[in-house]
Amino acid sequence: FFEASAQKAAKILSGHIPLITEVLRNHENHKHIQCTGCGMIRNIAIEVKSDETLIPKLGTAVPVVINSLEHHPKIGKLAENVFSFLWTYSAACGCFDINKNIALIFFSIHHHPNNVPVHVQSLGFLRLLLSFSDSVMQSAFISRNGLKVIFQIMHRFHSELEILKICLRILFSLSKLDQNRVTLLKQGCLEAVLEVIQAYPEDSRIQNWGLSIF
């Protein structure tokens, strides 16, 4: 009974996506509507992500929320909602196009250099993309100064454990490919990781992901 009710609720929620995306298109310049609408889409995605039949409906919202972020890059809550949605949607549908999204991630990080929630969501999305990317995609990330960006974030958010853990997992994904390891060492990965490991000796997840990179 409860499972059937949950599935019914998910279908009802997903049915609102066309309406919400239409409102977002019609009120492109209204900041509050954009932020609220993207938040609603994010919440719907979280509720329906386990139902494969409803994932295509989420896909129709992707270009709309990206357009919203590009038009209102300085709204932190909107960026947080958009990346949370993209992270949830990509994980649910198995769509991991890093070339399409890396510029968007760097774009938001640039506009929100000190915003912890934006970094958590955007880096979490990036971690997902890189963990399923091939060598060509990972090389594209590195060639766009991706490692430099990650190291700068680790330094800037040296007291934010959640961000540091995501950064370590990103570096771990990159370190699994042999051709990346020399580049990682040359660009300072060893020093950056050791600094984090030494700063948090009691945190098992920091130690685990940090040591796994080596």
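Trainee: In this predicted model, is W87 buried, partly exposed or exposed?

Mentor: W87 is found in helix α6, which covers residues 76-93. Buried would require under 20% relative accessible area and exposed would require over 50%. Because the relative accessible area of W87 is 23%, this tryptophan counts as partly exposed.

Trainee: What distance separates the C-alpha atoms of W87 and A45?

Mentor: The two residues stand 42 residues apart along the chain. In the folded model, the separation between the C-alpha atoms of W87 and A45 is 9.8 Å.

Trainee: How many salt bridges does a search of the whole structure find?

Mentor: For the whole structure, the search gives a total of three.

Trainee: How many residues apart in sequence are the parts that D203 and K165 tie together?

Mentor: D203 lies in the loop between α13 and α14, while K165 belongs to helix α11, residues 161-175. Both partners are buried, since D203 has a relative accessibility of 17% and K165 has a relative accessible area of 15%. The pair therefore ties together parts whose separation in sequence is 38 residues.

Trainee: Of R181 and D178, which counts as exposed?

Mentor: Exposed means over 50% relative accessible area. R181, at 39% relative accessibility, counts as partly exposed, whereas the residue at 55%, which therefore counts as exposed, is D178.

Trainee: Are helices α13 and α14 roughly parallel or roughly antiparallel?

Mentor: Helix α14 spans residues 204-213, and its axis lies 9 Å from that of α13. The two pack at an angle of about 160 degrees. That angle makes the arrangement of α13 relative to α14 roughly antiparallel.

Trainee: Is the crossing in which α13 passes α14 left-handed or right-handed?

Mentor: Two packed helices are described by the angle between their axes and the distance between the axes. For the passage of α13 by α14, the handedness of the crossing is left-handed.

Trainee: What is the area of the nonpolar surface patch that includes L190?

Mentor: L190 lies in helix α13, residues 189-199, and is partly exposed with a relative accessible area of 31%. L185, L194, L211 and F214 make the patch together with L190. The area of this nonpolar patch is about 470 Å².

Trainee: Near what value is the phi of N145?

Mentor: N145 lies in the loop between α9 (135-143) and α10 (146-156). Most residues other than glycine have a negative phi. N145 has a positive phi although it is a residue other than glycine, and the value is near 60 degrees.

Key. Residues are numbered from 1 along each chain as its sequence is written. This is a predicted model: local features need pLDDT of at least 70, side-chain atom pairs count only at pLDDT 80 or more; totals for chains, interfaces and linings use all residues. Side-chain values use heavy atoms; hydrogens and water are left out. Patches are made of residues with over 30% relative accessible area and no salt bridge: like charges are joined within 9 Å, nonpolar side chains (Val, Leu, Ile, Met, Phe, Trp, Tyr) within 5 Å. Accessible areas come from the Shrake-Rupley method with a 1.4 Å probe; for residues, only the protein chains shown count as cover. A salt bridge is a side-chain nitrogen of Lys or Arg within 4 Å of a carboxyl oxygen of Asp or Glu. Helices (H or I, at least four residues) and strands (E, at least two) are DSSP runs, numbered from the N terminus. Buried means under 20% relative accessible area, exposed over 50%, partly exposed in between (1.4 Å probe, protein chains only). Axes are lines fitted to C-alpha atoms, for helices over the stretch in contact, and angles run from 0 to 180 degrees between N-to-C directions. Angles under 35 degrees count as roughly parallel, over 145 as roughly antiparallel, 65 to 115 as roughly perpendicular and the rest as oblique. A crossing is left-handed if the near helix is turned anticlockwise from the far one by less than a right angle, and right-handed if clockwise.
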